[in-house]
Amino acid sequence: MDELIKKALELGAADAKIIDTSDLRFDAIFRKYCEDNKCGFYGKNYMCPPEIGTVERLREKVLSFDKGIYFQTISPINGFSDKEGLEESALRHNNLANDIKKYLKSKGFEKVLALATKCRYCPECCKVKGEACIHPDVAVSCLSAYCIDVIDMANKLSMEYKLGDTKIAYFGLVLFK
């Protein structure tokens, strides 16, 4: 497992730790944020609620894995109004999740699930047009959509998340078995 952490760091993670999925805290309040459409993707993205399933189904899906690598990226931003910087750093974070997923598959893990930030691979999700996803191999859901308490896990793993307004921390989880 040390090899996996080392690889995640080489690929661009600021920090990474192997976790047991039983240590994750789930909270259905995060679904309410989705339903309130805080990010604007509710019902408009294949990788967001309600499309991805119920809170209970997603919890079961995550807990069907025993282990995962919980990782963090930290990127510079020019304040939280820096939409371009935030978008670029989130896309880099999602790409890292997929790079870790590819690495795990290359090592023989057949069942791998990457969770990061909201899916950003298309300017507009094909769901809006009623078309099939054109990037199913890299499409990701965010941890909050799965009702995973990101701050709780960051605290458990001693990963910083409050970095002021010149840096942003994103968290991701790649599950494997």
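Guide: The lining of the second largest pocket takes at least two residues from each of helix H3 (55–63) and strand S3 (112–116). Helices (H or I, at least four residues) and strands (E, at least two) are DSSP runs, numbered from the N terminus. This is a predicted model, in which local features need pLDDT of at least 70, side-chain atom pairs count only at pLDDT 80 or more, and totals for chains, interfaces and linings use all residues. Residues are numbered from 1 along each chain as its sequence is written, and side-chain values use heavy atoms, with hydrogens and water left out.

A pocket is an open set of points, on a 1 Å grid over the protein atoms alone, where a 1.4 Å probe fits, with protein on both sides within 12 Å along at least five of seven lines; lining residues have an atom within 4 Å of a point. The second largest pocket holds about 220 Å³ of space, a volume being the space filled by probe spheres set on the points, which are joined across faces, edges and corners. Of its 16 lining residues, Met47, Lys61, Leu113, Pro136 and Ala139 lie nearest the centre. S3 gives the most to this lining, with four residues.

The largest pocket has a volume of about 980 Å³. It is lined by 31 residues, and Thr117, Cys142, Ser144, Ala169 and Tyr170 lie nearest its centre. Here S5 gives the most, with five residues. By class, this lining has 22 nonpolar, three polar and six charged residues. Ala, Val, Leu, Ile, Met, Phe, Trp, Tyr, Cys and Pro count as nonpolar, Asp, Glu, Lys and Arg as charged, and the others, Gly among them, as polar.

Rings of Phe, Tyr and Trp (its six-membered ring) pair if their centres lie within 6.5 Å; planes under 30 degrees apart count as stacked, over 60 as edge-to-face and the rest as tilted. The count is three aromatic pairs. One of them, Tyr70 with Phe171, is stacked, at 5.8 Å centre to centre and 25° between the planes. Because Tyr70 lies in strand S2 (residues 67–76) and Phe171 in strand S5, this pair ties together parts 101 residues apart in sequence. Tyr70 is buried, with a relative accessible area of 0%, and Phe171 is buried at 7%. Buried means under 20% relative accessible area, exposed over 50%, partly exposed in between (1.4 Å probe, protein chains only).
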